[in-house]
Amino acid sequence: MGETAAPQPNNSMPESIEIGSAKSAGKRRWTGERDPEADSSETDSDEISIKSTKSFEAQNIEYVLENDRRYCNDTYFMPNDEAEQTRLNITHQIGLILLDGNLINVPLVKKTPRILDIGTGPGDWAIEMSAAYPGATIIATDIGVFDNGLGSTIELPNVSFQLDDARDEWTYHEPFDLIHIRSLAGAFSDWSSLYKQAFCHLTPGGYIEITDSDPAADSIAFPNSGDSYLGIFASAMRSAAEATGYPRDLRHLTPNVLTDAGFVDVRVLERTIPVGLWPDDPREKTLGKMALISFLEGLEAYSLRQLTAAGNWTSEGVRDLCEKVKRELLTAGRMTCCVKTVTARKPFSRAMMRKNHVLQRLMQMDDVNGSDFT
Ligand SMILES: C[S@@+](CC[C@H](N)C(=O)[O-])C[C@H]1O[C@@H](n2cnc3c(N)ncnc32)[C@H](O)[C@@H]1O
């Protein structure tokens, strides 16, 4: 434990945030004009936004500025400003090292696969997939716009960035061969219904791949980390998230959530990576360094909105806690982070199986996994 007692929620805070109200203290709207100072500068204008739904035009995008961070809407807890974009760029690189340069954990055999990346963020994964699979058609969706990805002016021939909320009814006309979801813990209150939609929008034999790790779900650990500021930080975020109905846990990576939606061949991959400079092995040291930077940079992003909006903390209280966690982590020793990936497949239909002997082996696997063929 660090040098002072755990910060207590302060009910008299001036900056408490009322979800849904742009005029709440500490919160302003910004329409997405490309002003480099806009992330941190004050403006007098409270509400100058134009609502944008599914079509994307950078000028019409609405942001919420809150406690000096930029958010894509009134509710999603992670910011989408430049600092967060840089952090996501780093975590993407960590993912690449973990997979030895690969982007997926499942086979993608078609020459012209259709791929959906939900919650693409700055779009690093989708952009690299477009180069790795030039024959693919990639739809990359998000509810917000980073300066890359949806906000990019770069035209990629096989990637379509679209503003879309995955909680809404999906309206894609053609099925996908792969649906990819990375780092969306806390974004959905009902993962089962998301998985059911994904199942419907996959081609038979198509894969879903979901990867997550979240300090609120105790993904980060060091010896005795339960009795620490990190423990307080994680538990405060969990409680605040529960209060919003969007839990910050990894239950959506439990195999039966996928099998209940109809998926088969569910595989769970857990990778433990070092956080910090403690490993001797050069590859592990690089990973540890990147993970430490990403985590230290992410402390505020993970917690600020959730704790101020739903956890009754002041922004100063949250930042103070983040500082304490940061100091603790810099001296924590052998810290690690668990990154969990789950992959699963939509079963083939019997008719399709009969036509293809190679697929019969897979059908047997489906039978073992207990799927219902139509
Ligand atoms: C932590 S970022 C991860 C970004 C990206 N997947 C990556 O791995 O770099 C989560 C992203 O999910 C998006 N998101 C949150 N809720 C969403 C929803 N309901 N539908 C679509 N995207 C959503 C956020 O706007 C944010 O860009």
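A: Happy to. In H4, Phe233, Ala236, Met237, Ala240 and Ala241 meet Tyr302, Ser303, Gln306 and Leu307 of H6. Two residues are in contact here if their C-beta atoms, placed from the backbone, lie within 7 Å. By class, this contact of H4 with H6 has seven nonpolar, two polar and no charged residues. Ala, Val, Leu, Ile, Met, Phe, Trp, Tyr, Cys and Pro count as nonpolar, Asp, Glu, Lys and Arg as charged, and the others, Gly among them, as polar.

A word on the model itself: it is predicted, with local features needing pLDDT of at least 70 and side-chain atom pairs counting only at pLDDT 80 or more, while totals for chains, interfaces and linings use all residues. Residues are numbered from 1 along each chain as its sequence is written.

Now the geometry. Helix H4 covers residues 229-244 and helix H6 residues 282-309; their axes come within 9 Å and cross at roughly 50 degrees. That angle makes H4 oblique to H6. Axes are lines fitted to C-alpha atoms, for helices over the stretch in contact, and angles run from 0 to 180 degrees between N-to-C directions. Angles under 35 degrees count as roughly parallel, over 145 as roughly antiparallel, 65 to 115 as roughly perpendicular and the rest as oblique. The crossing of H4 and H6 is left-handed, meaning that the near helix is turned anticlockwise from the far one by less than a right angle.

Methods. Helices (H or I, at least four residues) and strands (E, at least two) are DSSP runs, numbered from the N terminus.
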